[in-house]
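Please keep the sequence and the structure in view while reading.

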Amino acid sequence: MRGCQGPDNWRRRTDPMATQRGGGSNFDSERPNGKNMLMNPSSGSQDKPENLLPRHNKSKSEISDMVRSSTITVSDKAHILSVQKFGLRETIVKSHLLQKEEEYTYIQNFRFFVGTYNVNGQSPKECLRPWLSHGIQAPDVYCVGFQELDLSKEAFFFHDTPKEEEWFKAVSESLHPDAKYAKVKLIRLVGIMLLLYVKQEHAAYISEVAAETVGTGIMGRMGNKGGVAIRFQLHNTSICVVNSHLAAHTEEYERRNQDYKDICSRMQFCQADPSLPPLTITKHDVILWLGDLNYRIEELDVEKVKKLIEEKAFQTLYAYDQLKIQVAAKTVFEGFTEGQLTFQPTYKYDTGSDDWDTSEKCRAPAWCDRILWKGKNITQLSYQSHMALKTSDHKPVSSVFDVGVRVVNEELYRKTLEEIVRSLDKMENANIPSVSLSKREFCFQNVKYMQLQVESFTIHNGQVPCQFEFINKPDEESYCKQWLSANPSRGFLLPDSVIVIELELFVNKTTATKLNSGEDKIEDILVLHLDRGKDYFLSVSGNYLPSCFGSPIHTLCCMREPILDLPLETVSELTLMPIWTEDDVSQLQSPMEIPKELWMMVDYLYRNAIQQEDLFQQPGLRLEFEHIRDCLDKGTIDNLSASNHSVAEALLLFLESLPEPVICFSAYHNCLECSGSYTASKQVISTLPRCHKNVFNYLMAFLQELLKNSAKNHLDENILASIFGSLLLRNPTGHPKLEITEKKKAQEFIHQFLCNPL
């Protein structure tokens with residue numbers, strides 16, 4: 001995820017205010033811009049330490065009112081980190097307080113319940129108490145995750161589902177009866193949902209709640225696979241809870257590894273202090289990771305697996321567990337711990353029973369549903385499955401933990417704060433900040449489409465605390481060009497400290513076309529600014545290798561040679577050439593009917609994947625996409641060796657990267673208007689430029705061939721219309737967030753061409 005989004009964008013829904021059985025209350029807080037802080041705006045005064053970072057003792061009635069009104073109450077450390085006036089002085093105090101945290105805090109155990117359940121698209125049909133509350137003490141915190149909440153196409157493509165409210169209600173009614181709980185947050189990405197509750201008496205000590213989602217499905221963003229996460233502060237301890245659903249199928253362990261890494265790298269939480277970089281999952285004291293991780297048992301046939309289960313030889317079976325093998329190889333979950341598996345595999349059962357899968361596929365049993373953790377002062381008390389629940393083809397899993405949380409001693413906190421402020425008074429205004437940079441010139445060579453390149457350097461601070469930030473150059477909207485980013489782009493340095501800055505270069509559909517045409521180059525100057533200090537200038541240079549990705553259709557039709565075999569001047573000239581009309585065709589030197597790169601991908605799929613199950617719905621591998629891109633750009637299609645899913649995803653990424661979509665922007669609204677009339681729709685297509693019309697008809701013919709094999713590939717017109725509707729028909733305004741009615745009309749338009757003769 002590049003940049004910060006709010007916790008509720010088009011993929012996510014937060015829940016209505018509700019009161020749970022067991023006395024639950026909702027305080028699902030957003031705290032936009034960090035403005036609803038519990039402090040006086042004048043609290044930045046430097047005269048007295050107690051005025052710098054005041055701490056509030058709230059009455060019980062105040063806390064109850066806050067819980068009822070959904071207003072967040074800030075905890076000790078959270079209060080320190082949420083000063084409304086983000087000045088240099090406050091930042092220095094916060095940093096010193098965090099360094100000295102052990103001097104004014106003590107460890108207190110809190111009981112956490114963590115549960116995961118893949119519900120296979122079912123509605124709740126039985127009480128969840130055997131899973132959530134039987135045989136345990138009332139937990140202080142509940143973290144409850146679901147996968148496959150809704151398997152309908154409506155949920156997948158439009159992100160709405162009634163199942164969210166059904167399962168939220170079922171969980172709320174099954175929480176431990178011996179305590180009252182407040183719901184902190186609900187976050188959902190299609191079928192992946194995570195709920196966080198705390199005992200009502202702890203509500204005052206929960207703060208900095210944020211939630212984010214990362215889709216890792218087809219094209220790296222669809223939400224049928226991926227993760228959701230909630231982060232928060234409990235007293236002075238930061239906690240991140242992640243619920244993920246990784247790629248399916250026994251042989252796809254590399255894809256699961258990639259999904260995990262994508263979730264870790266793209267899950268970012270904006271901080272209240274705008275001078276601080278976003279928080280990633282790993283930047284928390286405690287991480288709890290749950291979900292259908294989908295790792296399977298390998299090398300053993302189904303009958304051998306079942307025999308070992310019958311003998312309860314779980315440790316023998318565990319030796320063949322893919323997650324165990326991948327963790328040992330340090331490819332995933334490095335530094336995480338999982339408890340011993342003393343229960344039988346939780347997948348796959350016949351729904352409504354405890355019988356192993358008797359379907360035609362006869363899936364081998366596997367421990368798909370797992371709970372792992374990372375951090376200090378964590379003790380696992382139980383780790384088990386719950387065979388009593390039979391709604392799904394999975395069994396739910398739970399784990400109970402004692403988590404040591406840092407709680408503030410008020411008297412010691414005050415003493416530490418006063419010492420820091422006194423020390424700061426002596427140091428203040430001593431000198432102008434100054435830093436040294438390990439490197440100021442950066443060269444990115446042979447940059448390729450959607451292939452990340454990273455260069456790093458260090459900032460070494462002198463003897464004066466300082467804040468740094470990359471700032472905009474005059475008349476520019478950002479501190480760098482769109483294809484570049486600095487991580488972190490701002491921050492704070494204590495005396496004699498060092499920070500590593502990574503410059504990340506990534507060319508995508510937004511920036512590729514101008515790099516192909518030569519209108520933009522891999523050249524930029526970054527300005528690193530020190531607060532109260534001087535500016536440092538960093539030079540970025542490099543070269544971009546043109547690609548068919550990001551090239552216009554008519555440009556590619558005029559390129560008979562691979563794009564990397566052409567002089568850069570020719571690529572530039574053809575990319576800048578306007579879309580030609582029928583009259584112009586005769587003047588061009590025999591342009592091709594469709595781009596050769598499109599033909600290569602479609603032909604490969606026609607020959608190899610016409611019966612491939614889940615085509616266009618399951619992602620490929622990133623390394624294979626890079627190989628496919630290179631084959632297309634070099635014209636070495638005979639060397640193409642990749643999975644069908646990777647080629648299918650490359651085709652979708654190709655269509656997405658077109659600067660002018662297959663159905664031109666100018667025809668967009670006409671298409672929506674005539675989506676109910678096939679005759680009128682064909683008329684609109686007939687008005688497209690010849691190359692665009694040819695591509696549209698070629699793709700529709702290919703999709704119709706796929707549908708002839710639907711008994712094998714399980715595709716239908718609705719799935720294909722949904723996937724291709726958003727790629728072939730794009731809103732000219734460029735808004736990715738379309739109204740549902742607009743989305744449906746686009747799908748209806750494509751649907752007609754799949755069901756009728758072309």
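## Helix packing

Two residues are taken to be in contact when they have heavy atoms within 4.5 Å of each other. The model is a predicted one, and in it Tyr678, Ser681, Lys682 and Ile685 of helix H22 meet Phe749, Gln752 and Phe753 of helix H26. By class, the residues of this contact divide into four nonpolar, two polar and one charged. Helix H22 spans residues 678–686 and helix H26 spans residues 740–755, and the two pack at an angle of about 95 degrees with their axes 10 Å apart. Because angles from 65 to 115 degrees count as roughly perpendicular, H22 is roughly perpendicular to H26.

On the side of H20 the contact is made by Leu652, Leu655 and Glu656, which meet Ile723, Phe724, Leu727 and Leu728 of H25. The residues of this contact divide into six nonpolar, no polar and one charged.

## The chain as a whole

The protein chain holds 26 helices and 23 strands, and of its 758 residues 57% are buried. The accessible surface of the chain comes to about 31500 Å², with 48% of that area belonging to carbon and sulfur atoms. Among the contacts in the chain with a separation of 6 or more, 74% are accounted for by residues 24 or more positions apart.

## The sheet from E6 to E12

Five strands form an open sheet of mixed pairing in the order E6-E7-E8-E11-E12. Strand E6 (206–215) and strand E12 are the edge strands, each of them pairing on one side only, and the twist from one strand to the next averages 10 degrees. Within this sheet, E6 and strand E7 (residues 226–234) pair in the antiparallel sense over eight bridges, and alanine 211 has isoleucine 230 in E7 as its bridge partner.

Helix H9 (residues 253–266) lies across E6, E7, strand E8 (237–245) and E11, and runs at about 135 degrees to E6.

## The sheet from E16 to E20

Another open sheet of five strands, again with mixed pairing, has the order E16-E23-E22-E18-E20. Its edges are taken by strand E16 (441–447) and strand E20 (490–493), each of which has a single partner strand, so one side of each is left without a neighbour in the sheet. Direction ignored, neighbouring strands of this sheet are turned by 20 degrees against each other on average.

Strand E22 (residues 523–530) and strand E23 (residues 535–544) run antiparallel and are joined by seven bridges. Isoleucine 525 stands opposite serine 539 in E23.

## An enclosed strand and its hairpin

Eight bridges join E4 to strand E5 (residues 192–199), and the two strands run antiparallel. Arginine 188 has methionine 193 in E5 as its bridge partner. Two residues lie between the strands of this hairpin, in which valine 190 takes a positive phi near 55 degrees.

## Backbone geometry in the loops

Most residues other than glycine have a negative phi, and most peptide bonds are trans. Glutamate 148, in the loop between strand E3 (141–147) and helix H7 (153–158), has a positive phi near 50 degrees. Asparagine 294 has a positive phi of about 70 degrees and lies in the loop between strand E11 (286–292) and helix H10 (302–310). With a relative accessibility of 3%, asparagine 294 counts as buried.

Cis peptide bonds are found at the following two sites. One joins tyrosine 347 and lysine 348, with omega at about 5 degrees, and lysine 348 lies in the loop between helix H12 (322–328) and strand E12 (369–375). The other leads from asparagine 487 to proline 488, with omega near -5 degrees, and proline 488 lies in the loop between strand E19 (484–487) and E20.

Definitions and conventions: Residues are numbered from 1 along each chain as its sequence is written. This is a predicted model: local features need pLDDT of at least 70, side-chain atom pairs count only at pLDDT 80 or more; totals for chains, interfaces and linings use all residues. Side-chain values use heavy atoms; hydrogens and water are left out. Two strands pair if DSSP finds at least two bridges between them. Helices (H or I, at least four residues) and strands (E, at least two) are DSSP runs, numbered from the N terminus. Axes are lines fitted to C-alpha atoms, for helices over the stretch in contact, and angles run from 0 to 180 degrees between N-to-C directions. Buried means under 20% relative accessible area, exposed over 50%, partly exposed in between (1.4 Å probe, protein chains only). Accessible areas come from the Shrake-Rupley method with a 1.4 Å probe; for residues, only the protein chains shown count as cover. Ala, Val, Leu, Ile, Met, Phe, Trp, Tyr, Cys and Pro count as nonpolar, Asp, Glu, Lys and Arg as charged, and the others, Gly among them, as polar. Angles under 35 degrees count as roughly parallel, over 145 as roughly antiparallel, 65 to 115 as roughly perpendicular and the rest as oblique.
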